[in-house]
Structures are given as structure tokens and as C-alpha cells.
Amino acid sequence: MTRIFSGIQPSGELHIGNYLGAVKNWVALQKEHETLFSIVNYHAITIPYAPADLRQRTREMAISLMAAGVDPSKAILFVQADVPEHAELQWLLNTITPLGELERQVQFKDKAGRQEQVMAGLLNYPVLQAADILLYRADQVPVGEDQIQHLELSRVVARNWNSRFSPDAPYFPEPQPRLTQTRRIVGLDGQAKMSKSLNNTIGLLEEPAAIWEKLKPVPTDPKRLRRTDPGEPNDCPIIYPLHRAFSPPETVKLVEDNCRGAKWGCIDCKKALLETMVAELTPIRERAAELKDDPSLVKDALASGAVRARKIARDTMSTVKERMGLDAIE
Ligand code: SF4
């Protein structure tokens with residue numbers, strides 16, 4: 001069975017961009033594959049942060065994931081720092097990763113440009129990503145386009161390690177990108193990808209009234225100045241893509257007809273969207289409320305996920321250390 005690894009930053013409650021772009025796909029993958037999903041809190045400390053805030057965001061992320069349908073009885077759901085082998089393997093992989101490969105990473109250049117003082121962890125971030133994947137000898141990683149370079153580095157690291165320490169039969173599979181149909185959701189400003197740091201999101205657990213307040217002012221096709229002006233859904237940056245993500249095909253068809261034929265106003269279209277969003281998100285919000293009411297549900301699920309992940313991680317480390325001459329002296 002194909003083994004798939006994916007990680008998500010502990011950024012607190014999910015927003016609909018993460019949900020549609022990644023997590024909904026995870027929920028589908030867990031039904032057919034061996035899946036490991038990690039809340040990657042070691043990655044989150046490469047930029048300045050407050051420990052109490054990180055703890056809270058990690059917990060909120062776990063609640064969001066489980067509420068959205070990640071099922072700990074199917075997937076191995078765990079917090080990265082609960083499996084210290086991630087950091088251990090990263091150190092070993094650091095020793096076979098060329099510095100030039102790291103300095104070339106686009107995300108490093110972007111993030112480093114925004115820091116007053118750049119810490120080594122930021123540069124080595126992709127080596128930790130390689131360790132995350134190789135620790136479980138994952139076959140595939142679901143990736144967005146902006147992560148392809150990081151995955152390529154993981155493949156280079158796997159290749160380097162195999163050629164040095166396992167030349168006859170490669171121990172680490174070179175992880176393959178799994179380019180599934182993920183949606184890139186534009187933020188409510190209509191300008192950039194939905195992102196908490198840009199304050200342009202709709203939270204996965206937001207109440208219908210709050211969602212409506214956010215949908216009402218968002219820009220639509222600029223040609224629709226009056227209700228009688230025909231529009232083009234493909235020029236509508238937010239509402240039409242969200243209809244395609246949340247609404248059934250017959251509603252999407254209705255949106256296209258009514259927009260192009262000026263048969264309704266944008267507010268009508270937004271109300272129809274609110275209805276379909278609420279239909280999908282209400283059960284998620286209710287499940288999140290149950291998980292918040294009983295913290296042991298999340299705590300126990302993560303503890304058991306860490307035990308399962310750690311079993312695989314320890315097996316890998318045992319072989320890796322033996323091949324590298326780091327096992328116990330007889
Ligand atoms: S009618 Fe709907 S799809 Fe068309 S521009 Fe207005 S909000 Fe967008």
C-alpha cells in the first residue's frame with residue numbers, strides 16, 4: 001500500500017483555504033492509503049514565536065483537523081515534536097546535504113529577507129522536511145506547486161544518503177510528488193492566496209453570521225456595476241471559485257447562467273453560496289465544539305498517533321544508525 005506523508009504548520013484553527021487546498025484531500029487519501037499527517041511544530045520555531053501561543057495553535061490545529069474529518073483510526077495523526085526522531089534524523093541528513101542546495105531554496109530567500117537576524121534553523125528547514133518524509137520512508141507527498149522545490153531537495157537527500165550508505169539496495173525511496181487536484185483559494189481581498197498573515201481568510205469554524213459579514217463586501221466581476229449588467233463568472237475572483245468548491249454542480253450551473261444572463265444580483269449569488277458553505281461547514285463546527293468540550297479526545301488521539309508514528313520512526317533510525325556506524329558498540 002502506498003505510504004503518504006504530509007505536514008501542516010500549527011497555525012491555529014484552519015481556514016477554508018487550508019481546508020480546500022490540503023485537508024479535504026487528506027480526508028480522501030486516508031481512506032485508500034497508509035497516511036501519516038503531522039502538525040509540524042518543529043518547523044514553526046524557525047521564526048520568532050511565543051511558546052504559549054505555539055502550544056495553543058498546535059491544539060487548535062489538531063481540533064480543526066479532526067473536526068474536518070481526519071480520522072485517527074485511519075490516518076496516523078501526530079505532533080512532530082512528540083516523535084523526536086525527526087530532529088535526530090535531520091542532524092544525520094545535515095551531514096550529507098550540500099550547503100549550496102539550501103541557499104538556493106526560494107522560500108529561504110523570501111523568509112530570510114524578512115528577518116533581522118537569520119537563524120541556522122531557517123536555512124536547514126528543508127532538511128527537516130526531508131527527515132519528516134524519509135523517517136517514514138514515504139512513497140508520496142501531496143504537494144502544492146510552491147513546495148515542489150522542497151520535495152526535490154528531499155529526493156536529492158535520499159539519493160545522497162542511499163549512494164553513500166546503501167549503494168546496493170536503496171534504503172530510502174525517493175519520495176514522489178502527488179499532484180492531486182488541490183484548489184488555490186484566493187483571499188477575501190481578491191489579491192493573494194488566502195493566508196492568516198494577510199488577514200484575508202474565512203475560518204473553517206466561523207459562525208454563519210460571521211461568514212456572511214465577510215462575504216457581503218468581497219469584490220465580484222467589476223463589469224457588474226448594476227444588477228442588469230451581465231457578468232462573467234471566470235472574472236469573479238472569490239465568489240465563483242468558492243461556489244465551485246462548495247456548491248453542487250446544479251448550483252454552479254445556475255450561478256453561471258444567472259451571472260451571464262444578469263438574472264440575479266451578486267448579493268443573491270453570495271446568499272446562495274452562504275447556504276452551501278453553511279451546509280458543509282456546520283457539521284465540522286459542531287464536531288469541533290465536541291472536541292473542545294472534551295480535551296481528552298484530542299489529547300488521546302495525538303498520543304496514540306505519536307506511538308504509532310514512533311514505532312515506524314524507531315525502526316528507520318535503527319537501520320540508519322547501523323548503516324552509518326552509529327549503533328551501539330558490541
Ligand atoms: S453573479 Fe455571482 S459569479 Fe457573477 S459576478 Fe456576481 S458574485 Fe460573481
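Two residues are in contact when they have heavy atoms within 4.5 Å of each other. Among contacts in the protein chain between residues at least 6 apart in sequence, 77% join residues at least 24 apart. Please keep in mind throughout that this is a predicted model.

Let me turn to the chain as a whole. The protein chain contains 13 helices and 5 strands. Its C-alpha trace spans about 80 × 45 × 40 Å along the principal axes. How does the radius of gyration compare with that of a compact globule? For 330 residues, a compact globule would have a value near 20 Å, and the protein chain has 22 Å, which agrees. Of the 330 residues, 49% are buried.

The space it takes is the largest cavity. Two elements give two or more residues each to the shell around the ligand, namely α11 (249–260) and α12 (266–293). Which residues surround the ligand? They are Thr220, Asp221, Arg224, Cys236, Ile239, Val255, Cys259, Trp264, Cys266 and Cys269. By class, the shell divides into 7 nonpolar residues, 1 polar and 2 charged.

I now come to the backbone. Most residues other than glycine have a negative phi. Arg137 is not a glycine, yet has a positive phi of about 45°. Arg137 is found in the loop between α7 (120–134) and β4 (140–142). Is Arg137 buried, partly exposed or exposed? With a relative accessible area of 33%, Arg137 is partly exposed. Asn199, also a residue other than glycine, has a positive phi near 55°. The loop that holds Asn199 runs between β5 (176–178) and α9 (208–215). Asn199 has a relative accessible area of 70% and is therefore exposed, the cut-off being over 50%.

Gln115 lies in the loop between α6 (106–113) and α7. Its relative accessible area is 23%, so Gln115 counts as partly exposed; buried would require a value under 20%. Which residues does Gln115 touch, not counting those up to four places away in sequence? Gln115 touches Ile47, Pro48 and Leu122. Gln115 and Ile47 are 68 residues apart along the chain, and their C-alpha atoms are separated by 8.2 Å.

Terms used. Residues numbered from 1 in each chain as written. Predicted model: local features only at pLDDT ≥ 70, side-chain atom pairs only at ≥ 80, totals over all residues. Heavy atoms only, no water. Near = heavy atom within 4 Å. 1 Å grid on protein atoms, 1.4 Å probe; cavity = no way out; pocket = protein on both sides within 12 Å on 5 of 7 lines; lining within 4 Å. Sits in = over half its atoms within 2 Å of the grid points. Helix = DSSP H or I, 4+ residues; strand = E, 2+ residues; numbered from the N terminus. Nonpolar A, V, L, I, M, F, W, Y, C, P; charged D, E, K, R; others polar. Buried < 20%, exposed > 50% of the residue type's maximum accessible area, 1.4 Å probe, protein only. Rg over C-alpha atoms; globule rule 2.2 N^0.38 Å.
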